[in-house]
Amino acid sequence: MDNAWFALSEPARSLARARVRRTIRVSDDAVVVASSAKLIARKRPTDLLDAVARIRGRGIAAHALFIGDGEERGALERRAADLGVADACSIAGFVNQGELPAWYA
């Protein structure tokens with residue numbers, strides 16, 4: 001993997017970070033934990049959601065960001081609602097590879 005391809009220089013990184021946080025409606029002080037993968041059972045996306053729910057239960061502002069889409073999307077949304085963290089979960093859907101550096105920022 002070419003990590004340099006995903007890196008953004010300043011101020012592009014700061015601008016991208018602010019834009020994505022506005023898009024997913026999350027504050028600057030929240031910890032965003034992201035997964036970039038197809039939302040399928042084998043990838044276990046609910047593990048990330050469960051972890052964010054536990055972190056939030058400890059009083060830490062945390063947000064789960066899923067970059068990708070798939071057959072588990074509905075189940076993930078229902079699980080977020082059941083855990084009471086629907087407001088702390090964003091599913092971006094498919095993101096073109098050229099846009100990923102901004103989402104990773």
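Buried means under 20% relative accessible area, exposed over 50%, and partly exposed in between (1.4 Å probe, protein chains only). The model is predicted: local features need pLDDT of at least 70, side-chain atom pairs count only at pLDDT 80 or more, and totals for chains, interfaces and linings use all residues. Residues are numbered from 1 along each chain as its sequence is written, and side-chain values use heavy atoms, with hydrogens and water left out.

**Exercise 1.** Determine how strand β3 is placed and connected.

*Solution.* Step 1: helices (H or I, at least four residues) and strands (E, at least two) are DSSP runs, numbered from the N terminus. Step 2: β3 spans residues 89-93, and four of its five residues are buried, so the strand is largely enclosed by the rest of the structure. Step 3: β2 (residues 62-67) runs parallel to β3 and is joined to it by four bridges; strands pair if DSSP finds at least two bridges between them. Step 4: F66 has I91 as its bridge partner in β3.

**Exercise 2.** Identify the residues that touch the most other members of the largest nonpolar core.

*Solution.* Step 1: a nonpolar core is a set of buried Ala, Val, Leu, Ile, Met, Phe, Trp, Tyr and Cys residues joined through side-chain atoms within 4.5 Å. Step 4: α3 supplies the largest share, four residues.
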